[in-house]
Amino acid sequence: MSDHPTSPVPSPPGLWESIDELCVWLDTHRPVDGPDGLLLRILKLSEEVGEVAQAVVGATGQNPRKGTTHTWDDVRSELCDVAVTALVALRTLTPAAPEVFARHLEEVTRRSLAARRPDASEV
């Protein structure tokens with residue numbers, strides 16, 4: 001089920017440039033503009049998360065009527081769609097998306113990893 005890499009994989013080159021290009025493309029092809037368009041772009045995340053759930057159910061064969069309909073590669077692909085959709089939504093909300101995301105990731109990492117480090121008094 002999991003093929004965890006042994007070492008961290010860096011962000012792909014041009015990640016935010018690609019997100020910017022996707023935002024421009026979406027902005028030029030969106031049927032709904034303004035605040036409703038923004039809300040719909042954010043709601044797209046729910047659709048993508050649902051596709052992850054569908055792929056997990058399909059990969060595990062949990063629907064006896066359908067059986068195994070997906071692979072774990074499908075699940076990974078759907079998770080990537082969620083990540084891209086979230087980054088596009090964030091970029092839509094702010095041109096400073098790379099900085100906002102980096103700060104948030106740093107804070108989550110600090111907070112999470114601090115919880116598992118022994119207290120200096122315990123060493």
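Helices here are DSSP runs of H or I with at least four residues, numbered from the N terminus. This is a predicted model, in which local features need pLDDT of at least 70 and side-chain atom pairs count only at pLDDT 80 or more, while totals for chains, interfaces and linings use all residues. Residues are numbered from 1 along each chain as its sequence is written, and side-chain values use heavy atoms, with hydrogens and water left out. Helix 1, helix 2 and helix 3 each supply at least two residues of the lining of the second largest pocket.

**The second largest pocket**

- A pocket is an open set of points on a 1 Å grid over the protein atoms alone where a 1.4 Å probe fits, with protein on both sides within 12 Å along at least five of seven lines, and its lining residues have an atom within 4 Å of a point.
- The second largest pocket holds about 370 Å³ of space, and of its 15 lining residues the closest to the centre are Leu26, Leu40, Arg41, Lys44 and Val88.
- Helix 2 gives the largest share of this lining, five residues.
- By class, the lining of the second largest pocket comprises nine nonpolar, two polar and four charged residues, where Ala, Val, Leu, Ile, Met, Phe, Trp, Tyr, Cys and Pro count as nonpolar, Asp, Glu, Lys and Arg as charged, and the others, Gly among them, as polar.

**Helix 1**

- Helix 1 covers residues 15–29 and reaches 21 Å from its first C-alpha to its last, close to the 21 Å expected, the expected span being 1.5 Å times one less than the number of residues.
- Trp16, Ile19 and Cys23 of helix 1 are buried, that is, under 20% relative accessible area with a 1.4 Å probe and protein chains only, whereas exposed means over 50%.
- Seen down the axis of helix 1, the buried residues fall within an arc of 55 degrees, so they line one face of the helix; the arc is that of the directions from the helix axis to the C-beta atoms.
- The face turned away from the buried side of helix 1 carries the exposed residues Glu21, Val24, Thr28 and His29.
- The buried residues of helix 1 pack against helix 2 (34–60), helix 3 (72–93) and helix 4 (97–116).

**Helix 2 and Glu48**

- The end C-alpha atoms of helix 2 are 40 Å apart, which agrees with the 39 Å that its 27 residues should span.
- Its buried residues, among them Gly37, Arg41 and Val52, pack against helix 1 and helix 3.
- Glu48, found in helix 2, is buried with a relative accessible area of 7%.
- Leaving aside neighbours within four places in sequence, Glu48 is in contact (heavy atoms within 4.5 Å) with Glu78, Asp81, Val82 and Thr85.

Definitions and conventions:
Grid points are joined across faces, edges and corners, and a volume is the space filled by probe spheres set on the points.
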